[in-house]
Amino acid sequence: MAWTADGRLLFLGRDDEQIKLRGFRIEPGEVEAALLEHPAVAQAAVVARSAGGGSATVGHREPTQLVAFVVARGSDGVKGWREGLARRLPDHMVPSRLEQVPALPTLPNGKIDRRRLREQPLAVESRAVADKTVLSTREHALLSLWQGLLGRSGLAVSDNFFELGGHSLQVVQMVAAIEQDFEVTLSAADVYQHPTVRELARRIEQRGGAHAYDEYEHLFPIQPTGPKAPLLMAVPDLFAEALAARYRGERPVYGLRGVSRRTEGNRGRWPTMTDLAEEVVGEIQRRFPATPCVVAGYSFGAWLAIEAVRVMEERAIPVHRLYVIAPMPVDFYGVGPFRARIDGLHRPLAELSAGQILRLYLRGNHPLRREPYRRARQWLTERPWRRLLSLVGGMRRRAGLPLTPRIVEADVRVERFRLHAHHQPRPVHTPTVFFNPVGTASDAAATWRPYFLGPFTVYSTPDPHDEASLEAARAVVLQHLEHLED
């Protein structure tokens with residue numbers, strides 16, 4: 001037991017309540033006693049949880065973190081709690097985060113129900129929403145690295161790494177990843193002295209990492225550690241957090257940015273999808289010169305991943321497997337300047353006559369359907385507006401002016417559509433797993449099948465483009481992202 005500063009007696013927990021974290025044994029009661037020293041804390045309980053939320057069970061793939069639950073006195077919150085604990089406790093005993101609750105759950109005998117605290121949902125943080133600035137490529141990469149190390153999303157460039165729960169072991173991992181990916185050497189002191197993404201990005205630039213990283217614009221770390229073959233995913237936005245949690249410490253996971261939100265824009269940078277893929281593959285060769293990889297892609301990123309793997313095959317670069325997630329079907333019919341999408345297509349165009357193609361096109365654009373009106377509205381409003389913003393962005397670049405967030409977003413959409421619409425896929429031989437979205441007008445897997453000459457496995461999945469079915473689609477993809485090197 002221990003006495004608090006105001007004379008309260010605190011009974012420390014039994015040995016079976018001890019927490020083992022990063023090789024240290026932690027007595028929750030000691031941390032709770034230190035928390036109760038804060039004048040704004042009325043009650044406190046500390047539990048171990050997985051970094052992504054939930055109970056920290058034996059054999060769990062995610063590292064555990066300390067989470068403090070407190071009942072506060074008054075409505076001003078518990079300010080300065082981390083600094084106070086840092087003065088009293090060693091680094092490994094300071095909780096990663098503090099959750100304020102109206103009351104601590106109790107068991108029938110009056111003791112704190114720690115099991116409920118381990119399973120209680122944590123407050124969702126959305127700091128990134130308030131950050132309206134356009135991030136540099138370097139800041140994007142660092143933000144992704146932090147989210148992978150900390151097992152948290154919704155971070156902003158102004159967040160403090162240590163206030164988010166970062167600890168000394170993660171600092172070591174971060175410094176190693178920065179040296180590998182930015183080709184610049186930092187010390188742990190640099191991270192402690194520059195604890196936000198924005199400050200650390202500037203420090204990297206000061207240390208000579210600016211030009212080195214300009215050569216590595218596509219690859220960015222989602223989860224940088226692990227002995228197994230790296231997983232490289234084009235456009236990983238919807239899957240990044242889940243992949244980081246799934247493979248943390250097991251295999252490196254890197255994103256392939258491709259056409260993305262760049263402060264300098266993308267307009268006209270790559271004449272064709274093949275040009276983009278060759279640039280991406282060149283970067284993969286520099287970053288992983290002798291390491292066979294697993295390549296994946298989602299939506300537009302699936303087209304990029306397929307073409308990148310084809311280029312890798314051409315250069316005799318080994319690839320364990322290709323994962324293709326919900327790509328747009330190969331259902332475009334082009335004659336000169338005319339280009340039309342044909343809904344409901346279930347066979348490659350090469351197998352159809354011109355008459356069959358015309359009938360499919362007319363069926364897909366029947367006047368009694370709503371689809372023609374939606375598409376007409378898109379062509380008349382959305383796409384011209386994006387193209388106009390993209391052109392404005394080009395003029396601003398030539399004038400040396402920064403791009404606004406709306407221009408950057410329009411630039412991404414216009415460039416992705418241009419590269420996608422003018423690309424004719426070519427066959428690949430790498431074993432491929434294809435996640436086919438169901439409930440859409442076209443059978444994407446059927447239109448793509450002739451282009452995969454190696455082993456080809458298809459799994460049906462809800463459409464991840466639809467927000468209502470995103471979670472279900474993500475679950476199906478993660479379920480089958482096992483044994484990547486088999």
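Let me begin with strand E11, residues 293–298, which is mostly covered, with six of its six residues buried. Buried here means under 20% relative accessible area, exposed means over 50%, and partly exposed lies in between, for a 1.4 Å probe and protein chains only. Strands (E, at least two residues) and helices (H or I, at least four) are DSSP runs numbered from the N terminus.

A word on the basis of these values. This is a predicted model in which local features need pLDDT of at least 70 and side-chain atom pairs count only at pLDDT 80 or more, while totals for chains, interfaces and linings use all residues. Residues are numbered from 1 along each chain as its sequence is written, and side-chain values use heavy atoms, with hydrogens and water left out.

Both faces of E11 are covered: Cys293, Val295 and Gly297 are buried on one side, and Val294, Ala296 and Tyr298 on the other.

Which strands pair with E11? Strand E9, residues 231–234, runs parallel to E11 and is joined to E11 by four bridges; pairing requires that DSSP find at least two bridges between two strands. Within that pair, Leu232 stands opposite Val295. Strand E12, residues 319–325, is also parallel to E11, over six bridges, and Val324 in E12 is the bridge partner of Gly297.

E11, helix H11 (residues 300–314) and E12 form a right-handed β-α-β unit. Right-handed here means that, with the strands pointing away from the viewer, the path from the first strand over the helix to the second runs clockwise.

H11 in turn packs against helix H10, residues 273–287, at an angle of about 65°, with the axes 8 Å apart. That makes the two helices roughly perpendicular, a class that spans 65 to 115 degrees. The axes are lines fitted to C-alpha atoms over the stretch in contact, and angles run from 0 to 180 degrees between N-to-C directions.

I turn now to helix H7, residues 197–206, where Val197, Leu200, Ala201 and Ile204 are buried. They lie on the same side of H7 because they cover an arc of only 105° around the axis, taken from the directions from the helix axis to the C-beta atoms. On the other side of H7, Arg202 and Gln206 are exposed. Just after H7, Gly208 takes a positive phi of about 95°.

Finally, Val408 lies in helix H14, residues 405–421. Val408 counts as buried because its relative accessibility is 2%. Val408 and Arg261 are 147 residues apart in sequence, and 5.8 Å apart in space, C-alpha to C-alpha.

Definitions and conventions. Parallel < 35°, antiparallel > 145°, perpendicular 65-115°, else oblique.
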